[in-house]
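The following report describes the arrangement of strands and helices in the structure shown here.

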Amino acid sequence: MSLVFWLKESFAGFFREKGSAFISFFVNTFFFLIFAIFLLVTYNLYTFTQKVKQKMEIDVYLVEGLTEKENEELKSKIIKIEGVEGTIFRTKEKALKELKNYLGKDILEGLESNPLPSSWVVKLKPAYQNLEKMQKISSQIAKLKGVEETDYGKFWVEKIDRLLEIFLWINLILGILIVTGSLFLMIHTLRTIRQSKAEEVMLLNLLGAERSFLRKIFLFEGIMQGGVCAFFSLLILYILHRFFIYFGFELDFLPLSLSIAFIFFGFLLGGVAGLLSGGKKLN
Amino acid sequence: MKDIIIKAQGVTKIYESFKIALKNIDLEIEKGEFLFLVGSNGAGKTTSLKLLWMEEEPSSGMVFIDGCSTLEKDKKRVSDLRRKLGLVFEDLKLMRKKTLEDNLAFPLRVLGKNEKYIKSKVAELLGTFNLYSKRRLLPEEISAGERKKLAIARAVINEPLIILGDEPFGGLDENYSSEIIDFFKQVNFKGTTVFLATHRTNLVRNFKGRIIQLENGEIRR
């Protein structure tokens, strides 16, 4: 039987029992909206941590009196270390200027000479921006000739790593709870619609409809409802997002790929709920 | 040798409320036979038909349709068996929110027939029952008699082996009822077994075929 028939049937089935179908639609859209808000928050927290991680670097302070040749040799050795993406040289003068900008000019006004050493700022590849790997790279660099000291902001790296770990677990638990909740809610609401159509299901049985035929009806109804609810919840999320932006909140909306994936997830969840909601009714 | 298409052996049906609907019924119906089941309200006609179309199961005894037991547990075989039947329900069981043509097309879609065949078959039957011009209407928008015709058309559309009708003349006048009996005769002439239940004994007074009379769940003749 054609896909058009099933789509037509599932749409018609939805509108045939307007009361229960619309209650189900609103309840499911609300649940999908909660999930979409969760995704939006997750996405924004993720991009924030990525931005923070991009700033995670190792400062390599050099010994006094290093020749240009020795400095170049040191650079090439650092570059060869696994996980290093690039290096930027920071002269004594630049370091002082940065410090002045940070502390304010007046505090350093009385200095007769520049006490700050020259340094290499070592940028790391994203996969190496964590405590364990930064520690390893830092100690490798510290052993190189011409290096006085290395600093990778251990305190902050530790904090960020811990936060990321907590964030990941909370996300995972919340995600599982929301998805499971959505699934059960959809099963329940689809069953409610189905009960109002029990007579129709009975007639289909008497006309000799096979289980696969009934399953397809339930599957397509679920897919349709899941997809539509996901789409509308995304639309509401977009309106809410614009509202927050209007009031000055810096929030990114879900990227297109994630939005499309979310709607597909709606189809999938709806389909699973549709199949699971059939149960004993099929008999 | 007789070609038996419906067979009931010692069938008794007792509902959960302990009401005895049928008592030890033995019945054989030959392939291609046209017969009536008559009896007053509560005699057991509807129960008999429900046992045949497998909406109910006998409390004891066995029912066979085309050699297959109605107690078959394999869902696929039950579906296959039901597809051999054309059913006219007392309450019609039309799909309220579907047009006349969709109501007729549905059994064929259940059977997986192609849309071209469905379209031509639906048009043919709508024409036979003078309903073609009303094909886009909903059942509630046509008269009670026309709804009855639609239910009968749905029962025959899949060219079943057996037609089972529960009060197919309910609410119809004698002329209308005779028209419908004539239609069933034509269907029967093509080889379909027709088994109709009615409480209106006046309609079968001149009927030449077999008439089974039920009284308090027992066959009287």
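## A parallel pair in chain B

In this predicted model, strand E3 (residues 34-38) of chain B pairs with strand E8 (residues 193-198) of chain B in the parallel sense, and the pairing runs over five bridges. Within this pair, Val38(B) stands opposite Thr198(B) in E8(B).

Both strands belong to an open sheet of six strands in chain B, whose order is E6-E7-E8-E3-E9-E10 and whose pairing is mixed. Strand E6 (85-88) and strand E10 (218-219) of chain B form the edges of this sheet, and each of them pairs on one side only.

## Helices lying across the sheet

Two helices of chain B can be described relative to these strands. Helix H1 (residues 45-52) of chain B lies across E3, strand E7 (162-166), E8 and strand E9 (210-215) of chain B, and its direction makes an angle of about 145° with E7(B). Helix H6 (residues 174-189) of chain B lies across E3, E7 and E8 of chain B, running at about 155° to E8(B).

## A helix pair in chain B

Two packed helices are described by the angle between their axes and by the distance between those axes. Helix H3 (residues 100-110) of chain B packs with helix H5 (residues 144-156) of chain B at an angle of about 25°, and their axes are 8 Å apart. Because angles under 35 degrees count as roughly parallel, H3(B) and H5(B) are therefore described as roughly parallel to each other. The crossing in which H3(B) passes H5(B) is right-handed.

On the H3(B) side, the contact involves Leu100(B), Asn103(B), Leu104(B) and Pro107(B), which meet Leu150(B), Ala153(B) and Arg154(B) in H5(B). By residue class, the contact of H3(B) with H5(B) divides into five nonpolar residues, one polar and one charged.

## Chain B as a whole

Chain B contains six helices and 10 strands, and 37% of its 221 residues count as buried. Among the contacts in chain B between residues at least 6 apart in sequence, 71% join residues that are at least 24 apart.

## The antiparallel sheet of chain A

In chain A, four strands form an open sheet in the order E2-E3-E1-E4, with antiparallel pairing. Strand E2 (84-90) and strand E4 (147-151) of chain A stand at the edges with a single partner strand each, so one side of each is left without a neighbour in the sheet. From one strand to the next, the twist averages 20°.

The pairing of E2(A) with strand E3 (residues 119-124) of chain A is antiparallel and extends over six bridges. Here Phe89(A) has Trp120(A) in E3(A) as its bridge partner.

Definitions and conventions
Residues numbered from 1 in each chain as written. Chains lettered and ligands numbered in written order. Predicted model: local features only at pLDDT ≥ 70, side-chain atom pairs only at ≥ 80, totals over all residues. Buried ≥ 20, exposed ≤ 12 C-beta atoms within 10 Å, placed from the backbone. Contact = placed C-beta atoms within 7 Å. Pairing = 2+ DSSP bridges. Axes fitted to C-alpha atoms, helices over the stretch in contact; angles between N-to-C directions. Parallel < 35°, antiparallel > 145°, perpendicular 65-115°, else oblique. Left-handed = near helix turned anticlockwise from the far one by under 90°. Nonpolar A, V, L, I, M, F, W, Y, C, P; charged D, E, K, R; others polar.
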